[in-house]
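Let's look at how the terms used for a structure follow from their cut-offs. Here is the model to go through together.

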Amino acid sequence: MALFLLLLLGGPAWREAPGEHEVSAVETLRIADFDVRVTYPKGDGPWPVIVFSHGLYGSKDGYQVLARFWASHGYVVIQPTHPDSLSRGFKGQREAMQAWDERPKQISQVIDALGTVEEKTGMKLDRERIGVGGHSFGAHTSMLVGGAVAYPGLLAKGKSFRDKRAKCTLLLSPQGVGGLFREDSWKDYPVPALVVTGSEDTSPINDTKPEDRLDPYKLGPDGRMHLVWIEGAHHNFGGISGARFPGAGPADEGKMWVVEQASLAFFDAFVKGDEQARKWLLDGELAKTDRAKVRCETKKEKRE
């Protein structure tokens, strides 16, 4: 394991915000029986795609600070509204979370419908370059799409929702062992993953500890798992969702900036195949920032 400790040197950003591309959006587009928001860079493309899954009770209209940042750097960002969204009517927590298995299916439906997105927007999309990400319950969804194995009952066989079209998964405040996940849920995780969490990243709905969110990183395979730990970061990382909720934490532009930089470098490395971005991640350059106290780790492949 390579550990890159904090160096308060005011190191360089991976990409400054905003990017070079003017950004526009289609606020509501119908796919199957749910709505998506499409945020995109103006230009001919073909553009790589990020499908982003919101947290519990969220919607397609959240996380605009991230969606517009990624789009300004040359990605089409597609955000579905999942069945638990408050925009589809209030459900109690237990009932809302029962849609856990519909969420990854919707991500795959979005990818199935990229031709429809092209028709409705006039853009060209690169179907060979697709990343998936999510926050909180959306990270849970993204892990399932990426290849984490779920166990929906004590004696149940493992269930996979893996979509091989996803090149990598961004996991903002993911879940660890417990609930649907066991210690072996990530052992064969087939694609690169970036876990982003922090020292105050508890859960607004249960007794999750920040350290629990490290499980996908710790239990995933060497050579694929990356971690960004932000000291003092709460569940909303300074405001990424655009919503206020219990446990969200205070507004903090520095911590949001860290999430922007880490996520963009990750997608550039593993969706666009940018070797400089990959090196930036592996070298732990983000730990040099003076905007927040950051630790970066990458699990190295074992060699005989």
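Q: What makes α2 stand out in the lining of the largest pocket?
A: With three residues, α2 gives the most to that lining. Both α2 (93-97) and α5 (137-146) supply at least two lining residues each; helices here are DSSP runs of H or I with at least four residues, numbered from the N terminus. This is a predicted model, where local features need pLDDT of at least 70, side-chain atom pairs count only at pLDDT 80 or more, and totals for chains, interfaces and linings use all residues. Numbering starts from 1 along each chain as its sequence is written, and side-chain values use heavy atoms, leaving out hydrogens and water.

Q: Which residues lie closest to the centre of the largest pocket, and how much space does the pocket hold?
A: About 1,100 Å³ of space lies in the largest pocket. Of its 40 lining residues, Leu56, Met97, Ser136, Phe137 and Ile205 are the closest to the centre. The lining divides into 15 nonpolar, 19 polar and six charged residues, with Gly counted as polar and Asp, Glu, Lys and Arg as charged.

Q: Why is Cys168 called buried?
A: Its relative accessible area is 0%, and buried means under 20% (1.4 Å probe, protein chains only), so Cys168 is buried. Cys296, at 5% relative accessibility, counts as buried too.

Q: How do you know that the structure holds zero disulfides?
A: A disulfide is a pair of cysteine sulfur atoms within 2.5 Å. For Cys168, the nearest cysteine sulfur, that of Cys296, is 17 Å away, so by the 2.5 Å cut-off Cys168 is in no disulfide. The structure holds zero disulfides.

Terms used. Buried means under 20% relative accessible area, exposed over 50%, partly exposed in between (1.4 Å probe, protein chains only). On a 1 Å grid over the protein atoms alone, a cavity is a set of points where a 1.4 Å probe fits but cannot get out, and a pocket is an open set with protein on both sides within 12 Å along at least five of seven lines; lining residues have an atom within 4 Å of a point. Grid points are joined across faces, edges and corners, and a volume is the space filled by probe spheres set on the points.
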